[in-house]
Amino acid sequence: MNAQRWNIVRRLLFLLLIGVGVAFAARKVAPPPPPPAVEAAPTTPPPPKAPPLFQGGLPIAAQQVPPGLPSLSAQGCNACHGEIHDAWAESAHAGAWNAEAFRAALDRVGDTTACTGCHLPLANQHPRLAAGYIEGDVARPDMQPNPAWDATLMSEGVTCAACHVRDGAVVANRTGAAGPHPITVSDELGTSELCATCHQLTWPGADPPFYDTYGEWKASAYAQAGVGCKDCHMPPVAGRATATRFAAMADHSFPADTARALSILVRTDAPEAQRGSPLHVAVRLQNTGAGHSVPTGSPFKAYRVVVGILDADGTAAVSPYSEDLARTVQDAPPWNTLTDTRLPAGGERLIEHDFTIDQRKHAGRGTLLVAIYRLDAKDLANPRWSPDKAGPPLARQQIPLPIL
């Protein structure tokens, strides 16, 4: 082969190689699939889940002291959880057994476990426990001595261990908690359903619930929006607390402020009160802040709304007018509801009255006062009840009202 032909062959081979390269480059070849991801092995196993906290009903079976704790008393929690302890100590939970209103209600319904089981949630708190019920009547329990009774725990009402001790461990609602005692996690802790354990009660044979706080909330716009009990009554608060790595803790004072729950809107047909002439006053009460009725809970609790006019000295210029926010029930089990004038969640009530100030009263500065007081059942039936003896009101609204 001469040199000229060899050059032609080389050029043809070169062009052929270029064409093959271009063809391969033009093809869209899918890349090989990536190797399957390998999950990293957890460094520690997940914490065990606690069983439902009130699965066996109330009172909870007698609990043992978890290792690392000196006792089941709230006093043993005080050192590491001091601010939580102090908030709880001033709460209605801490006074659940000794509160005068509860003692009066218990006298009315009898020593039934339907009430004592919630106000003393631990079996360790009961000097006697029901071994059964005579003829199946919950108002007639067969009480037997309880060898696990602890007098100190009994005085603490709804104490820390009622929600936070099960099966020899301290119960938390989030992982990452640490302490010198065993810790288990429960998804139930902090839910509204947990609150329903005590704040929802239907007496056997009754149609309406005896306590219906959970039911009232469940039917409200708050429940539909996902706003639960703890969002209002256990909001996160900052504070000094040892043995925790979290920035905030739940408020264990369980705040319940009527003044924040209600709006008191006042209208009058004149900007001043003319002596000898009627003044029309309209008070519109709105439940703008509670996800349940106001008041809620015990039917033996009521609120009285008092509307009056005070003179410059703060004394009554005219006889006050009042209406009650209350639920009345039968005088015996099953305590069916007879009337209900409370404010449901999102509800309102219009109170109207004409006031006429005697012409013999002095003219001058005055005040239109709307005040809301808490009453017990005995106060509702007392014709001599007076705001002067009722203590400070739960909520109030004052409007300057000159007296002419």
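The legends below describe several close-up views of this predicted model.

**View 1. Confidence along the protein chain of the predicted model.** The mean pLDDT of the protein chain is 86, and 85% of its residues reach a value of 70 or more. Over residues 20–30 the pLDDT stays under 50, and for this stretch the model has zero contacts beyond four places in sequence. The pLDDT is also below 50 over residues 37–48, a stretch that has four contacts in the model beyond near neighbours in sequence.

View 2. A disulfide is a covalent bond between the sulfur atoms of two cysteines. Because its relative accessibility is 22%, Cys-77 counts as partly exposed. Elsewhere, the sulfur of Cys-229 has its closest cysteine sulfur in Cys-195, at 4.1 Å, which is too far for a bond, since a disulfide requires two cysteine sulfur atoms within 2.5 Å.

**View 3. Helix α7 and the elements that cover its buried residues.** Helix α7 spans residues 192–199, and within this helix Ser-192, Leu-194 and Ala-196 are buried. The cover over the buried residues of α7 includes β6 (200–201), together with the helices α8 (213–218) and α10 (229–233).

**View 4. The lining of the largest cavity.** The structure holds one cavity of 30 Å³ or more, and about 30 Å³ of space lies in the largest cavity. The residues that line this cavity are Pro-295, Thr-296, Gly-297, Ser-298 and Pro-299, along with Lys-301, Arg-327 and Arg-342. When the lining of the largest cavity is sorted by class, two residues are nonpolar, three are polar and three are charged.

**View 5. The second largest pocket and the strands that contribute to its lining.** The second largest pocket has a volume of about 340 Å³, and of the 18 residues that line this pocket, those closest to its centre are Leu-310, Leu-369, Tyr-373, Pro-387 and Asp-388. Strands β12 (301–310) and β17 (367–376) each supply at least two residues of the lining, and β12 gives the most, with four residues. By class, the lining of the second largest pocket is made up of 11 nonpolar, five polar and two charged residues.

Definitions and conventions: Residues numbered from 1 in each chain as written. Predicted model: local features only at pLDDT ≥ 70, side-chain atom pairs only at ≥ 80, totals over all residues. Heavy atoms only, no water. Buried < 20%, exposed > 50% of the residue type's maximum accessible area, 1.4 Å probe, protein only. 1 Å grid on protein atoms, 1.4 Å probe; cavity = no way out; pocket = protein on both sides within 12 Å on 5 of 7 lines; lining within 4 Å. Points joined across faces, edges and corners; volume = space filled by probe spheres on them. Nonpolar A, V, L, I, M, F, W, Y, C, P; charged D, E, K, R; others polar. Contact = heavy atoms within 4.5 Å. pLDDT = per-residue confidence, 0-100.
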